[in-house]
Each structure stands twice: as C-alpha cells, then as structure tokens.
Amino acid sequence: MKRLKIEPPNSRRCRLSHFLFGVGVLYLVFVSCNFPQFLKIMSTLSGDEGYNGLDGLATGDSEDADLSKPFVSSVYKDAFHRRLEDNRDQDAPLRPDKEPMKEEDHGRESMKQIPKRYGRITGEILRQMNRTNDFSVLERMADEAWTLGLKAWKEIDKVDGKESGESSMIDGRLESCPSWISMGGEELLKGDNLMFLPCGLAAGSSITVVGTPHYAHKEHAPQLARLRKGNGLVSVSQFMVELQGLKSVDGEDPPKILHLNPRLRGDWSKRPVIEHNTCYRMHWGTAQRCDGLPSENDNEMLVDGYRRCEKWMRNDIVDSKESKTTSWFKRFIGREQKPEVTWPFPFVEGRMFVLTLRAGVDGYHINVGGRHITSFPYRTGFTLEDATGLAVKGDVDVHSIFATSLPTSHPSFSPQRVLEMSETWKSSALPKHAVRLFIGVLSASNHFAERMAVRKTWMQAAAIKSSNVVVRFFVALNPRKEVNAVLRKEAAYFGDIIILPFMDRYELVVLKTMAICEFGIQNVTAAYVMKCDDDTFIRVDTVLKEIEAVPPEKSLYMGNLNLLHRPLRNGKWAVTYEEWPEEVYPPYANGPAYIISKDIVNFVTSQHKDRKLRLFKMEDVSMGMWVERFNNTMRAVQYSHNWKFCQYGCMEDYFTAHYQSPRQMVCLWDKLSRGRARCCNFR
C-alpha cells in the first residue's frame, strides 16, 4: 500500500519533465528560425566579409571579429540612448490595417526591392519624363524647385542696383530703419504673431508688451497618463515671448535668440516658473529656470549687476542661510533684522501685465509691472543685430507692443560687411592628381557669415592648403534675386562654391548630397567623400588619421551611427507611410558629418544615373539606405561608429562639432591652433 502512495509523485515528476522538455524544444525551434537573421545584422555592422549565413564558411580572420565587438556594443548603446529620447513619440499612430505590407515583411531583405517610382530626380530626367505621369510628393517638389530655380538663374543677370529697391544688399550701403515701432494686438494676429524689427536691436533697446494671460485649460499629457494609469489631464496656462533671427531656408526654423516662457500653472514642478533658453538650427541650449528662489548674488552670476532670478512668494521656501533656531536666537538677544519684501509671481490668469524687455551690456533684462524679474546673459553666437523678429504666442491676449531705441541702420545686413574679399581666403584650383578626401559642405544661399567663418578656420588646415583635401560648398538658389546675385559674386571671387540651379528647400537636401557624390567622383578623384553642414567644425588632421586606420580595401561608412531608429509618425518632422513604409530606418550616420569610400560613391552615382536609386527627404537616412543596399548586393561595408562625430554641439577631443556659430568657429580654431581640442561656450 505504501508503494502505491509513492507512485503519484513520480508520475507528476514525469509530466513536469515532459513539459520542460517541450518548452526547450520550442525554444530551440524559435532560436533556429531567428538566429540567422541576428547573425546577419551583427555581421553587417561589424564589416565581417566572411559571414555567408549559417551554411557558409567564415573566411575573415579573428582580428576582424575582435574589432567588431566594441563597435557593436557602442552602436547598441547609441540605439538605447536614442530610444530613450524617442519615448515622446510612443503614441504615434500605428500602421493602418489597410497597409499592403506587414511589419514582419520589412526585414533587411525588403530593402532590395526598391520601387521604380523612386528614380533619379534631376532637371534632365524630369524634362524627359512624361509630365502626365504620377509623381511622388518628393518628385513634384523637385520638379517645382528646378522650374523655379532655372527661372531665378536667368533673372540674376537682370539684377541692377538702379532697378532694385534693396540694392544696399549688393553695394554695401547702410539700410535706413525707424528708431521705434508700435503694433496693436489685432495687427499682430494678422502677421502670424510676429513683429518685424528691420535693423535688430542695440544696447539700450527696449520692447514693451502689454497683454493678459488666459485662464488655464485642460490638456491631455500622454506621458503623465502612463504614470497615473489613465488620468493624464493637466491644467495649462503659458505663453512665449521670443526674439528670433531671419528665416533662411524653407523648412528651417529661425534661430530663437531669446526664448522667454512663463508657465503660470507650472510644469513638472507644479509651481509657477519662468524659463529662458536659446535655439540654433533646431537645437536647444541649456535652459535657465526661475522658480521663485533667488539666484546667487556673486559677481560671476550677475548680469549687469542684476540677479538672474529674483525671489517671489512660494509656500515651500526655506531660508537655507538661516535656520529657525538661529532666527529665534537673534530675536532673543535683540539683534535687528532687516525686513524682506517678497513679491508674488508676476503673471496672473486674467489680469493684465506690462512686460518690458531691455537689451543691456551683458544680457537681456525682463521687468514686469516696473519690477525686475529675471536677467538672461547673452550667449555666444548671437548678436543684438540678429534679433530681427519678436514673436508672442501661447495662452495670452496681446493688446499692444512698443519697441523703442532701435538702431536706425543695420550694417550687418550687407553681405559685403561679412564677406572679406581677401586673396588669403581664396581656394586653390582643383588639383589634377588624386586626393585623399573630398569634403562637400551643405550651405544655404544667405549663409554668408557661416561660409566666411569656415574659410577662415578649418579650411586653413595644412592638408587642405596642400591640396591633399579639397573642400567645396554646395548651395541652391534663394527666392530673392538680390541674394542670388551676391551669391554668384561670392562664388566667382572665392572659387569654392558649387551653385545648384534649383530653389532651396529643406526636403530637397538629398539632391545636394547627390551632387556632392557626383562632384567627388567626376570633378575630383577622391578616395573618400565627406559630407558636412556649414555649422560643422572639422578637425581635418584627426579625421584623416581615423581614415588611415581603416584598411584601404575596406568599404567604409564612418560617422555617428544610429541603429533601429523609428520614423516619427506625427509632429513637425512626421514621416508618412507613403514616404517610408518600413517600421525602422536602416543603420545611418547623423547628417552633420559622415564619410564614405569611393566604391560606395561610385555605386550611388551609377544607380542614380540609371534611375534605380530610392530617394528620401531625409538625406542622412537616404545615405544609410544606399549603403545598406551596397552592403547587401555588392560587398560588406565596415560601419565605423564614433561619438566624437558630435551630433549635438561639441565634446572634448571631438572629431567634428555641430551647431557652431561663426563666432564659435573662430574660437574653436584659435584653441586648436594652440594644440587644444577644446569646446567653446555652449548655447
């Protein structure tokens, strides 16, 4: 009888072992189905030419495998960092059920099947195509840009100082501007909440805004809803007062020289706050927050003698300098204490305010109701003359704006003031011998100061002066014919500008990239081609050393690489499913600076010529897509990732630094000339 009692546990153990055995078999089946794809991705990123699938033979040596390990790790760290930044887009709409392609169909093999409708977009091809054919959005945009560009190019010869009312832009004469400007609330609304300051500001200029904040309204915050598990409603009342620069290119936001953002109901702190910041090329600087606590009172933190943040009433302010016990003891011994006046938060819902913004010597000063509230120091890269627009937006009714003590002339508006017509900055003729590196710099037509800063700084590197490295700017046309006329004179004098005869648009930057590739192969025999922006500072010698470390027989794609990035499906930078049906982008290097070897360049240009190349409005993603196709159809590519190709700003021992203003370019070059690769002031 006892033996019968022991048998049921044995049978249970048998059933449990069978269950675990079944789970193990299912796991092995799953791994066998997905492991080849995993190995293929790893081999692609590491540049291992020896991997041919599980059935193939590994022909690469052990050194390549060892070298690939830290790189894969760094890229995945990069991807994790980017995914953290992209969390705000988690609520983007999912792929519609009517989409013909499913998510699991978009593996790396799907990139080989390239739709024919993505062809070479050039003026010649567009003229040859039947205009009744269905164009994609990008093709229609390019068609219009080429038509307008050819027309604008013909009109350049007609530009004459006598027939143009804005001839000061060409001959360098000073513009005459009013010393004061006023605008009512209705007039401001008609002008898209923007007030134009024709000659910018000067020290002593002041702008007074009279308005009334709206009462708070409810808004749904998705991130807060996830934290509260459903309750994501918050009360919001905020507005922005911004000093902006001129808009340069379609699709590119004007720089925000001063961003003043009072939040009456607070933000994550749940208390009223005033935030200041700057934004250059869509890159925000470090914010200065005033939350009711006074800022430090030492000389280094003061702006023209004023605190950066004044004190206002808060229910949680505790005086850190003096405890309650110390205060009681002082009263006990009879020591006099100076009374402290504390003011309330300067903005109240439904109550009119008078805000005065004054330009001082060291920074901007904001007074509300005649009382100083905050001060914001000037940041490197911006000048008072650059502040040519005032925008007031958000939960506020503006009654009137009055700007006074404005400068009556703006010499910086003349490119002749920015351009230094000196033989020192002229470029040498294209060399007849092969060069190591060709650098194509994307620039906007009216970025005279940016191009001049590049000529005076890193374009003076020894490798460039010796013609081992060649640099050229690639610029499209501007809607203003006066700008185009000065651009042509600049190109003729310095000899370093390639003018592309189509109208400049942000979405057509990919055409400039294609032009860089074609120039680097057809006009210059370059072993490597590098693309960068005109606000990118390059340590040329260091970049050359990085290239030399790569075996010459390797196909190279070098830069700050992104892995497994998802397209944004909503917001300003939204990408539709028609534009990009895949769920993720291919591995691609950030656009401010990347390098490709000549075999990849040859492949890209030949595919483009045969109209077999898919084009996408994001040029850096396009290059990643082209490199991936080369990697899949031609030969393995060595993906070389390094954080020192800086995407946002600058870092110590950088290879390239992005978002650098003309003044910062000069500062970086001065430090580099002294043997120190250190960054200048951040925004």
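Counting the bonded cysteines of the chain in sequence order, the pairing reads 1-2, 3-4, 5-7, 6-8, a disulfide being a pair of cysteine sulfur atoms within 2.5 Å. The model is predicted, with local features requiring pLDDT of at least 70 and side-chain atom pairs counted only at pLDDT 80 or more, while totals for chains, interfaces and linings use all residues. Residues are numbered from 1 along each chain as its sequence is written, and side-chain values use heavy atoms, with hydrogens and water left out.

**View 1. The disulfide of Cys177 and Cys199.** The S to S distance is 1.8 Å, and with 60 degrees about the S-S bond the link of Cys177 and Cys199 is right-handed. Cys177 is buried at a relative accessible area of 9%, where buried means under 20% (1.4 Å probe, protein chains only), and Cys199 is buried at 2%.

**View 2. The disulfide of Cys290 and Cys309.** Here the sulfur atoms are 2.0 Å apart, and -70 degrees about the S-S bond makes the link of Cys290 and Cys309 left-handed. Cys290 is buried at 0% relative accessibility, and Cys309 is buried at 6%.

View 3. Strand 1 pairs with strand 15 (residues 396–404) over four bridges, and Met183 stands opposite Ile401 in strand 15.

Definitions and conventions
Two strands pair if DSSP finds at least two bridges between them. Helices (H or I, at least four residues) and strands (E, at least two) are DSSP runs, numbered from the N terminus. Buried means under 20% relative accessible area, exposed over 50%, partly exposed in between (1.4 Å probe, protein chains only).
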